[in-house]
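Here is a short tour of a ligand site and the protein around it. Have the structure open as you read.

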Amino acid sequence: MAKIKTIGILTSGGDAPGMNAAIRAVTRAGICNGYQIKGIYRGYDGLINGEIKPFTTENVSGIIMQGGTILKSARSKDFVTEEGRAKAFDTLQREEIDALVIVGGNGSLTGAMKFACQYDICCIGLPGTIDNDLYGTDTTIGYDTTLNTIVECVDRIRDTAQSHERIFFVEVMGRDAGFLAQNAAIASGAEAAIIPEDSTDVDQLAQFMERGIRKSKRSCIVIVSESPKCGAIYYADRVKKEFPGYDVRVSILGHLQRGGRPSAHDRILASRTGAGAIEAIMQGQRNVMVGIRNNEVVYVPLSEAIRSDKPFDRKLIKVLDELSI
Ligand code: F6P
């Protein structure tokens, strides 16, 4: 493979706080080590359409503290097709980009893996998603900030829940993963969490209603992981039917969870993995995601990073159960 001179960077999928810190880190570490950096706008769509601009260190100054992504993001329908990826490859050749850094979640890194299988291009992934569902890294960029945002919201909901003695079902994001819901429940002192990793969700609710909330507590908070079939509204309706004595409300936090200034943890994670992406390129690594495990930067093959079975520590379920009595 020819020597890498120019590196393109893009952000893809749902934006996550800390993506800007990652863009900054890749740009600055890249320039420091003699590479040319090009910013690619609007994710893979921008790669297909050639929305690209050379980046200097100034392009990324004053962004480490900003949420969202200055490069914009998209969930590209075209990049899913072979023709779309062929167009993207043409753009790379035209722009003389030899390696690509992709900041995104599961879908975005799956796209990167397919691209790297189809063409001779070095793709390095950075774990950018609030869902924390990428395998091989302890946390993902954006997860910690979102967790803190949820906890702040739940603290506020608690005030009104207690004042009116109500049961609140608070729905949080996470797609198919319950990391946000379970840990937000522990951190906010919620009474329960309903998560996809615990398959007995229907029983969970019944058990819970028959225990803590039942006699002693008149107000409580249940954090529910989003789900197309049985989100917070579903559980609230069931409780209203089965336990008509309770005053029940639903709060769906929605996209406010994705915005805001990144936490120090996410800025550091993004900075370390962003610099790690350049290090990976210098070492001749290809088609890996840069993560952090046990405080060490690690390179995880893209095929492994996108596995759908990131271990969920079931001890967290017990901790919440014990502490919510
Ligand atoms: O993957 C990040 C995420 O925020 C998920 O938690 C959520 O299910 C999804 O994106 C929402 O996507 P959109 O912003 O396209 O509605």
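The largest pocket is the space that the ligand takes up. On a 1 Å grid over the protein atoms alone, a pocket is an open set of points with protein on both sides within 12 Å along at least five of seven lines. This is a predicted model, in which local features need pLDDT of at least 70, side-chain atom pairs count only at pLDDT 80 or more, and totals for chains, interfaces and linings use all residues. Residues are numbered from 1 along each chain as its sequence is written, and side-chain values use heavy atoms, with hydrogens and water left out.

Around the ligand (a heavy atom within 4 Å) are Arg-75, Ile-130, Asp-131, Met-173, Gly-174, Arg-175, Glu-226, His-255 and Arg-258. By class, this shell has 5 charged, 2 polar and 2 nonpolar residues.

| Residue | Protein atom | Distance to ligand oxygen |
|---|---|---|
| Asp-131 | polar side-chain atom | 2.7 Å |
| Gly-174 | backbone N or O atom | 3.2 Å |
| Glu-226 | polar side-chain atom | 2.5 Å |

Of the 400 Å² of accessible area that the ligand has on its own, the protein covers 74% (Shrake-Rupley method, 1.4 Å probe).

Now for the domains. An automatic or database assignment divides the protein into domain 1 (6-142 + 262-307) and domain 2 (144-258). The ligand lies between them because both give residues to its shell. Their centres, taken over C-alpha atoms, are 34 Å apart, and 13 residues of domain 1 are in contact with 10 residues of domain 2 (heavy atoms within 4.5 Å).

Methods
A polar contact is a pair of N or O atoms within 3.5 Å; within protein, one must be able to donate a hydrogen and the other to accept it, and residues adjacent in sequence count only if both atoms are side-chain atoms. On a 1 Å grid over the protein atoms alone, a cavity is a set of points where a 1.4 Å probe fits but cannot get out, and a pocket is an open set with protein on both sides within 12 Å along at least five of seven lines; lining residues have an atom within 4 Å of a point. A molecule sits in a cavity or pocket if more than half of its atoms lie within 2 Å of its grid points. Ala, Val, Leu, Ile, Met, Phe, Trp, Tyr, Cys and Pro count as nonpolar, Asp, Glu, Lys and Arg as charged, and the others, Gly among them, as polar.
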